Amino acid sequence: MQPAYDTRNIVANLHFPACPMSDASYRDAIFSTPLDRVARFSFDEQVVACFPDMIRRSVPGYGQILGMLGLIAQRHLRHGAHVYDLGCSLGAASLALAGQLPPDAFRLTAVDLSPAMVARARETLAAECPGHAIEVAEGDIRTLDYRPSGMIVLNFTLQFLPREDRDAVIARLHEALEPGGVLVLSEKVVDLDEQDNAWRVERYHDFKRANGYSDLEISQKRNALENVLVPDSLDAHHDRLARAGFSRSLTWFQYLNFASLIAFKEA
Ligand code: GEK
């Protein structure tokens, strides 16, 4: 079985986002050899196999964001309320919450569109936190029948939806949240100032190089994500959250061109 996320490690390593996996067989090497045609990126078996390594080495601040979820929940989540982890991949956000909150603190539904992700998340969550009420569902977050919830986590998922679908999803999440509920939205973002954006992207590529990715891997991955991961600006996110009815939103974290926002539904 794939090595699971170590949530204690995530929380303890709040300031060390890039933690390479010790087992080299799960290292992300998908774009390490020249490809004649770089296919569109998809969340298939190959990606599932190296996903923990890929996301830790590719997303600045990933560990810090996961580490804060439990602390945010402790402040904002009504005891026993329902939580969603949308676009859960292997369930890292769910695991982080389970690692920091006792089993009776919340019930959680983790949802992902990729059957390969869902299968692995089910295995991991059942093995790692059998005492917590966590179910994993295969589904599209655009068409899900949402139940009332106290907290919704959308960790690097909205960016993969077509832009025209994003308003409707955020509006439905606002509707699903109970009064006083919170949405945590983490995304890759684009800076509207061209020069600032270029600086962030260049330093992001430095970050990836420092984490062991070659120039070939960086450029082939970039091509594969073209039109698949489409980032919005922070202003566009805050405007969308306001349009959906959130009374307040703020950017609580930013590391280069990656950010996390929290949006509050009026109590
Ligand atoms: C983490 N949150 O580790 N409905 C449901 N899932 C979707 C949809 C959709 N319409 N579109 C894409 N996904 C995770 C990381 S990864 C981010 C999230 C990344 C899923 C997709 O299958 C993938 O598993 C996830 O969103 C995005 O905290 O890989 O950069």
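Trainee: Before that, what are the ground rules here?
Mentor: This is a predicted model, where local features need pLDDT of at least 70, side-chain atom pairs count only at pLDDT 80 or more, and totals for chains, interfaces and linings use all residues. Residues are numbered from 1 along each chain as its sequence is written, and side-chain values use heavy atoms, with hydrogens and water left out.

Trainee: How many helices and strands?
Mentor: The protein has nine helices and seven strands, taken as DSSP runs numbered from the N terminus (helices H or I, at least four residues; strands E, at least two).

Trainee: And what share is buried?
Mentor: Of the 267 residues, 54% count as buried. Buried means under 20% relative accessible area, exposed over 50%, partly exposed in between, with a 1.4 Å probe and protein chains only.

Trainee: Which residues have the most contacts inside the largest nonpolar core?
Mentor: Leu69, Leu97, Phe106 and Met151, in a core of 54 residues. A nonpolar core is a set of buried Ala, Val, Leu, Ile, Met, Phe, Trp, Tyr and Cys residues joined through side-chain atoms within 4.5 Å. Another core, of 25 residues, lies apart from it and includes Leu173 and Leu241.

Trainee: Switching to helices: at what angle do α6 and α9 pack?
Mentor: Helix α6 (residues 163-176) and helix α9 (residues 234-244) pack at about 50 degrees, with their axes 9 Å apart. Axes are lines fitted to C-alpha atoms, for helices over the stretch in contact, and angles run from 0 to 180 degrees between N-to-C directions.

Trainee: Who makes the contact?
Mentor: On α6, Arg166, Asp167, Ile170, Ala171 and His174; on α9, Arg240, Leu241, Arg243 and Ala244. Contact means heavy atoms within 4.5 Å.

Trainee: Now Lys188, buried or exposed?
Mentor: Buried, with a relative accessible area of 19%. Lys188 is in strand β5 (residues 177-188). Leaving out residues up to four places away in sequence, Lys188 touches Phe156, Gln159, Tyr204, Leu229, Pro231, Asp232, Asn257 and Phe258.
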